[in-house]
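Please have the viewer ready.

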Amino acid sequence: MSSTPMAVDSPLHGGASSRPNGAAPPPSATAKISDVINIYRPTKLFRREPASTAKLASSQTFILSLNFDDEGALLLTSENDSTMQVYNVKEGKHSKSHISHKYGCAHAMFSHSSGCIIHSSTKINHTIRYLSTHDNSYLRYFEGHEQNVTNLALHPGSDNFLSCSEDNTVRIWDISTKNACGKLNLNGAFLSAWDPSGNVFAVASPTAQAILLYDFRNYDKPPFSTFDVLKMSPESMSKSWNKLEFSNDGKHILLGTSGRSHLLIDAFSGDLKAHLRRDEKGASRRLAAGEHNPEGMDPNSTDYIQQSTGDACFTPDGRYVISGSRKNILVWDTLASAQSDNLKPSYELEYNGESGVSAFNPRYNFFASGDKEVVFWVPDQHAM
C-alpha cells in the first residue's frame, strides 16, 4: 500500500490511471477523518542504528518526541543518542540527520520558519537552542532555565513559545530575542499548551494537581481559571502527567498520563468529560514530565527508562484521541463522552509493538508513532 498521505477533508490523491491495472479510485470523494479513523494501517517503519559517537547499551535508539512542521510535509524526531531526525512525509523516507552530541536534545519542535528547529538541551546547561537545518548552525540561544526543561509549546500563529522547567518557572519567549519576555513562578508546572486561537495558554502542575489558564495578553496577572484535577479525578494522584493539549475546536483539553487512562476535560467549565481507559493494554514504559531514573543509574543501562513528550494526541478535527500503548494504537471518540465518563477505546489499530510517543499530521490524514522506531500510519484505501 502506498505511504502517500491523503489530505484532510480534501479530494483523495490519484485517479484511476495511477492505480494498479487502472482500478477505480475509492468511492468516497473526500477523506474525512471520521470515515477513515478505523482503517489506519502502519505503512512505513524506520529503525536506525545509534549515531557512531553515541555510547548506548542498546543497538537501537529511542524516540523522545515527534513533531510535524506547519505544512505537514516534514516529521521531526528527537532521539536518545543526541540526534534529531527529519523525515519527508510525502515521499515516505528519511530526509536528514542533525547531531547534537555537545548539547544533547530532549524535546524538539519546528518553528514557523521553514527549516528551523527549537530544542531543549540535556548536556552542559539547560539552554534552549534555535537551529537552522539549512546549514546546521545555531541562530539563537535562549538562556535562563536552571534545571531540566520539561516541555516546549509553540504559539499557533506567532513566533512566541513557552517552556516549562523543573526550576519551577514557565518562561515566555519570542524567537527574535534571546531574553525571555515573561516568567511565571509556579511550583511543579511541567506542562503547557496553547489554545487554537493563541489568546490563552494552559499550564499543568502535577505537584499542585491543577491546570491553570492564562490570558496571553495579561499573563502577568493571576490565571483567569483554575481546574482542580484532583477533585475531578481522585485517581490522578497515582498517575504521572506527560501531555497537555487543546483540541483544534477549542472545546476540550487532553491531559495525557503514563497510567491506565487519560483525562478529557471541558476547556470552558473544567469539568471532567471522560476517563479514556486503556486498562487492558497499559502504557509504554516511559518517564513522565519531571520524573527521573534512580540517582546514579547508568544512562547506557538497559534498565534506564527514557523520557516521553506524551503518547496521546487529538486528531485535527478534535473529535478523536489516539494513544500509544504496549500493543496497538488506541482510538477514542470524544462524542461518546456524552454517554459515559469512562470510555473504552472505540477502535484499536493493530500494531505488535509499543508506542511511547505519537503525533497527528496537521494537514494530512496521517499520523506517526514511535518507540525504538518511527512508524507512519495512513488509511488503507483498499478497505474503504
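**Pockets, a cavity and a sheet**

In the second largest pocket, β11 gives the largest share of the lining, three residues. Strands here are DSSP runs (E, at least two residues; helices are H or I, at least four), numbered from the N terminus. The model is predicted, so local features need pLDDT of at least 70 and side-chain atom pairs count only at pLDDT 80 or more, while totals for chains, interfaces and linings use all residues. Residues are numbered from 1 along each chain as its sequence is written, and side-chain values use heavy atoms, with hydrogens and water left out.

**Second largest pocket**

- A pocket is an open set of points on a 1 Å grid over the protein atoms alone, with protein on both sides within 12 Å along at least five of seven lines; lining residues have an atom within 4 Å of a point.
- This pocket holds about 990 Å³ of space, a volume being the space filled by probe spheres set on the points, which are joined across faces, edges and corners.
- Its lining has 40 residues, and L64, T122, Y304, Q306 and Q307 lie nearest the centre.
- By class, the lining has 15 nonpolar, 19 polar and six charged residues (nonpolar: Ala, Val, Leu, Ile, Met, Phe, Trp, Tyr, Cys and Pro; charged: Asp, Glu, Lys and Arg; polar: the others, Gly among them).

**Largest pocket**

- About 1,200 Å³ of space lies in the largest pocket.
- Of its 42 lining residues, N67, F68, L154, E245 and N248 lie nearest the centre.
- Strands that each supply at least two lining residues include β3 (63–68), β11 (149–154) and β19 (241–246).
- The largest share, five residues, comes from β19.
- The lining divides into 21 nonpolar, 15 polar and six charged residues.

**Cavity**

- The structure holds one cavity of 30 Å³ or more, a cavity being a set of grid points where a 1.4 Å probe fits but cannot get out.
- The largest cavity has about 40 Å³ of space.
- Its lining has one nonpolar, six polar and three charged residues, among them N242, R278 and D311.

**A four-stranded sheet**

- Four strands form an open sheet in the order β7-β8-β9-β10, with antiparallel pairing (two strands pair if DSSP finds at least two bridges between them).
- At the edges are β7 (108–110) and β10 (137–142), each pairing on one side only.
- Strand β9 (residues 128–132) pairs with β10 over five bridges, and L131 has Y138 in β10 as its bridge partner.
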